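Biologist: Hi, I'm new to this one and would like a walk through it. Can we go piece by piece?

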There are 2 protein chains.
Amino acid sequence: MQNKTLIKGNLETIILKLLQDNGEMYGYQISKRVKKMTDAEIQITEGALYPALHKLEAAGNLDIRQQTIDGRARKYYCISKEGKKEVARKIAEFETFVSSMYMILNPVAKCK
Amino acid sequence: MQNKTLIKGNLETIILKLLQDNGEMYGYQISKRVKKMTDAEIQITEGALYPALHKLEAAGNLDIRQQTIDGRARKYYCISKEGKKEVARKIAEFETFVSSMYMILNPVAKCK
DNA sequence: GCAATATACATAATATACTTAGGTATGTCA
DNA sequence: TGACATACCTAAGTATATTATGTATATTGC
C-alpha cells in the first residue's frame, strides 16, 4: 500500500472483526493474518497494533488471557459482548463511508 | 458521520475527482457539492478544505483563476494534467484498499 | 433598519492515529 | 553463531484532520 493513511480509523474495525470470526488470537498472529488475508496489501505495524489492543481492552471491547508457549509470553484476546456491538457499528460506519465515497467517484445521472 | 477519521487520506481524492468531473469550481462550492452528493454524510470542514486546495495547487495538481463575483472574491480551481494522473492513482489506491478491507469483513471460504 | 444567516476566503491551535525507530527476550535454522 | 522468526512493548515524529477564530460582503426575514 503506497498511501498508508487509508488505514486510519479502520484498524480497530479490522482487529475486532478478526477476533469475532476466529475466536481468541494474539497480537502477532493478528498482524500475520491480516497480511496474508490481504495479500500484504494491509500491514499492521506493531507500533499501531499493540496500543490499539490495549485501548480496545481498556474500553471493554476485548477480554485478555495470558499464556506462555514455548518459553514465549502470549496475550490472547477475545471479543467481549460490548466489542460485538462495537464491531457491528464500525462495520456499518465503514460501509456508509465507502458508499458515500462512491457517490463521488461514480456519480450516477439523476432523474428530474 | 459519527467517525470522522475515515475521511483521512481521501480528502484530496474527493477534491480532484470533483474538479475532474465538473471543470472549474471554487472552494465553498466544492464543500456544498460534497455535502449534497453524499446526503450530508461527508462534510468537508473549511479548516481542512482550504489548506488542501493550497497544497494541491503547490504540488501542481491544480490551476487557479481568481475572480470577483457580486463583490465577493472567488478562487476557481481546475485540475491540471498532473492532477489527472494523480487522481487516477488515488482512486485506484482507494479501491484496492476497500477491496482489501472486504477480504477481512467478508472472508470467503478458500478451496484447498 | 438591523440581526441572523449565507457566501467566500483564511489561519492557528489542538487532537488523533498512525509510522518510524528502538528496546527486550526467546526459539529455530543454516 | 549469526540471521531470522516469534512475541511483546513504548517514545518520538509525522500527517491530516477538527475546532475555533478571524475578515468581509450579500441576502433574507421580522
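This is a predicted model: local features need pLDDT of at least 70, side-chain atom pairs count only at pLDDT 80 or more; totals for chains, interfaces and linings use all residues.

Biologist: Okay, so is A:D70 buried or exposed?

Modeller: A:D70 counts as exposed, since its relative accessibility is 69%. You'll find A:D70 in the loop between β2 (62–69) and β3 of chain A.

Biologist: What is phi of A:D70 near?

Modeller: Phi is near 55 degrees there, a positive value in a residue other than glycine. As background, most residues other than glycine have a negative phi.

Biologist: Which other residue of chain A has a positive phi although it is not a glycine?

Modeller: A:D39 does, with a phi of about 50 degrees. A:D39 comes after α2(A), in the loop between α2 and α3 of chain A. A:D39 is exposed as well, with a relative accessible area of 62%.

Biologist: Let's zoom out. How many helices and strands are there in chain A?

Modeller: Chain A has four helices and three strands. Going along the sequence, the pattern reads α-β-α-α-β-β-α.

Biologist: And what radius of gyration does chain A have?

Modeller: Chain A has 17 Å, whereas a compact globule of 112 residues would be near 13 Å. The C-alpha trace of chain A spans about 65 × 30 × 20 Å along its principal axes.

Biologist: How much of chain A counts as buried?

Modeller: Of its 112 residues, 40% are buried. On contacts, if you take those in chain A between residues at least 6 apart in sequence, 45% join residues at least 24 apart.

Biologist: Back to α2 of chain A. Which of its residues are buried?

Modeller: In helix α2 (residues 27–37) of chain A, the buried ones are A:G27, A:I30, A:S31 and A:V34. Looking down the axis of α2(A), they fall within an arc of 95 degrees, so they line one face of the helix.

Biologist: Why would residues spaced like that point the same way?

Modeller: An α-helix has 3.6 residues a turn, so residues three or four places apart point the same way.

Biologist: What covers those buried residues of α2(A)?

Modeller: The cover includes α1 (11–22), β1 (25–26), α3 (46–58) and β3 (72–79) of chain A. It also includes α4 (81–105) of chain B.

Biologist: Now the sheet. In what order do the strands of chain A come?

Modeller: The three strands of chain A make an open sheet in the order β1-β3-β2, with antiparallel pairing. β1 and β2 of chain A are at the edges with a single partner strand each, so one side of each is left without a neighbour in the sheet.

Biologist: How many bridges pair β1(A) and β3(A)?

Modeller: Two bridges, in the antiparallel sense. A:Y26 has A:Y76 as its bridge partner in β3(A).

Biologist: What about the sheet in chain B?

Modeller: In chain B, three strands form an open antiparallel sheet, ordered β1-β3-β2. There, β2(B) and β3(B) run antiparallel and are joined by eight bridges. Among the facing residues, B:T68 stands opposite B:A73 in β3(B), and B:I64 has B:Y77 as its bridge partner.

Biologist: How many residues lie between β2(B) and β3(B)?

Modeller: Two, and the strands form a hairpin. B:D70 is in the turn, with a positive phi of about 55 degrees.

Biologist: Which helix lies across the strands of chain B?

Modeller: Helix α1 (residues 11–22) of chain B lies across β1, β2 and β3 of chain B. It runs at about 90 degrees to β3(B).

Key:
Residues are numbered from 1 along each chain as its sequence is written. Chains are lettered from A and ligands numbered from 1 in the order in which they are written. Side-chain values use heavy atoms; hydrogens and water are left out. Buried means under 20% relative accessible area, exposed over 50%, partly exposed in between (1.4 Å probe, protein chains only). The arc is that of the directions from the helix axis to the C-beta atoms. Contact means heavy atoms within 4.5 Å. Two strands pair if DSSP finds at least two bridges between them. Axes are lines fitted to C-alpha atoms, for helices over the stretch in contact, and angles run from 0 to 180 degrees between N-to-C directions. The radius of gyration is taken over C-alpha atoms; the globule rule is 2.2 Å times the number of residues to the power 0.38.
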